[in-house]
Amino acid sequence: MNPKTLLAAVDHRPWPLPTQPWAMRQSWHDLLFAHWPVPAEVLRRLVPSPLELDTYEGTGWVGVVPFRMSRVYPRHTFAAPWLSAFPELNVRTYVTSPSPTGPRAGVYFFSLDAGNPVAVALARRFFKLPYFRAQMALVDQTLSGSGPIHYTSRRTHRGAPPAALVAHYAPTGGIYHSQPGALEWWLTERYCLYTVDRRGRVYRGEIHHPPWPLQPAEAEFEVNTMAQAADITLPDTAPLLHFVRRMDMLAWLLQPVPR
């Protein structure tokens with residue numbers, strides 16, 4: 001989907017598009033949302049104090065989200081084969097922060113592992129996000145009907161906590177769009193991210209994409225120490241699972257959030 005088409009669809013957004021030009025485009029593929037409920041008091045200790053933890057009916061949630069990216073490139077440039085396509089895996093929770101027009105619900109990342117060291121270096125420098133180098137692979141057998149997606153990741157970033165994921169997942173039903181107020185809508189329909197620098201300054205990064213084309217999913221986790229690396233113990237219960245075949249998105253540069 002080209003940027004003009006993306007920018008024309010805004011009725012689903014909870015607030016208007018940024019007035020500045022977008023800075024980067026990306027396409028996400030074969031994505032799994034795996035979510036677990038985690039007590040709010042546990043997450044509150046791990047989320048920087050300038051941010052307000054967002055909860056659903058009083059409960060915090062942690063997501064482990066593996067996928068692959070393509071067509072990753074800045075505005076006014078083009079996709080480069082050696083830089084613009086690679087797997088990524090994030091561990092996230094949900095937060096809010098003040099805005100002149102009211103609080104804006106967004107995502108806070110405990111970690112983002114990526115299979116491209118150049119992309120990791122650029123994201124750490126320009127987006128102030130906790131990106132880590134990792135050895136990653138994704139094999140998709142769902143389109144041929146011969147099996148699930150096989151996803152593996154092992155963090156290789158020097159000095160970072162060890163973390164790994166070995167998962168097999170696949171969609172189990174048709175595409176649907178979540179309804180406002182439902183848990184899956186609360187978990188997925190978020191149009192900004194937050195990060196906090198070493199001085200405690202809060203930054204917001206706006207994003208834009210169509211509503212998530214969710215599918216119910218199944219998954220098997222052979223290894224999953226991604227949340228553990230962030231000092232989060234996931235409950236011994238089945239996660240809430242959603243699959244997304246593809247999502248095209250635009251991103252804006254970080255902007256400081258007044259306090």
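Biologist: Is Arg158 buried or exposed, and what is its relative accessible area?

Modeller: First, a word on the model: it is predicted, so local features need pLDDT of at least 70 and side-chain atom pairs count only at pLDDT 80 or more, while totals for chains, interfaces and linings use all residues. Residues are numbered from 1 along each chain as its sequence is written, and side-chain values use heavy atoms, with hydrogens and water left out. Now the general idea: buried means under 20% relative accessible area, exposed means over 50%, and partly exposed is in between (1.4 Å probe, protein chains only). Arg158 has 78%, so we call Arg158 exposed.

Biologist: Where does Arg158 lie?

Modeller: Helices (H or I, at least four residues) and strands (E, at least two) are DSSP runs, numbered from the N terminus. Arg158 lies in the loop between strand S7 (149-155) and strand S8 (164-171).

Biologist: Ala163 is in that loop between S7 and S8 too, I see. Is Ala163 buried or exposed?

Modeller: Ala163 counts as buried, because its relative accessibility is 5%.

Biologist: Which residues is Ala163 in contact with, leaving aside its neighbours within four places in sequence?

Modeller: Contact means heavy atoms within 4.5 Å. With those neighbours within four places left aside, the contacts of Ala163 are Ser153, Arg154, Arg155, Thr225, Met226 and Ala229.

Biologist: What about a residue in a strand, say Ser97 in S4?

Modeller: Strand S4 covers residues 86-97. Ser97 has 4% relative accessibility, so Ser97 counts as buried. Beyond its neighbours within four places in sequence, Ser97 is in contact with several residues, including Leu51, Tyr194 and Val257.

Biologist: And His29?

Modeller: His29 lies in strand S1 (residues 24-38). With a relative accessible area of 9%, His29 is buried. Among its contacts, neighbours within four places in sequence aside, are Phe67, Met69 and Val244.

Biologist: Which residues form the nonpolar patch on the surface?

Modeller: Like charges are joined within 9 Å, and nonpolar side chains (Val, Leu, Ile, Met, Phe, Trp, Tyr) within 5 Å. Here, Val118, Leu122 and Phe126 form the nonpolar patch, with about 260 Å² of accessible area together (Shrake-Rupley method, 1.4 Å probe). Leu122 is found in helix H3 (residues 117-126) and is partly exposed, at 39%.

Note on methods: Patches are made of residues with over 30% relative accessible area and no salt bridge: like charges are joined within 9 Å, nonpolar side chains (Val, Leu, Ile, Met, Phe, Trp, Tyr) within 5 Å. A salt bridge is a side-chain nitrogen of Lys or Arg within 4 Å of a carboxyl oxygen of Asp or Glu.
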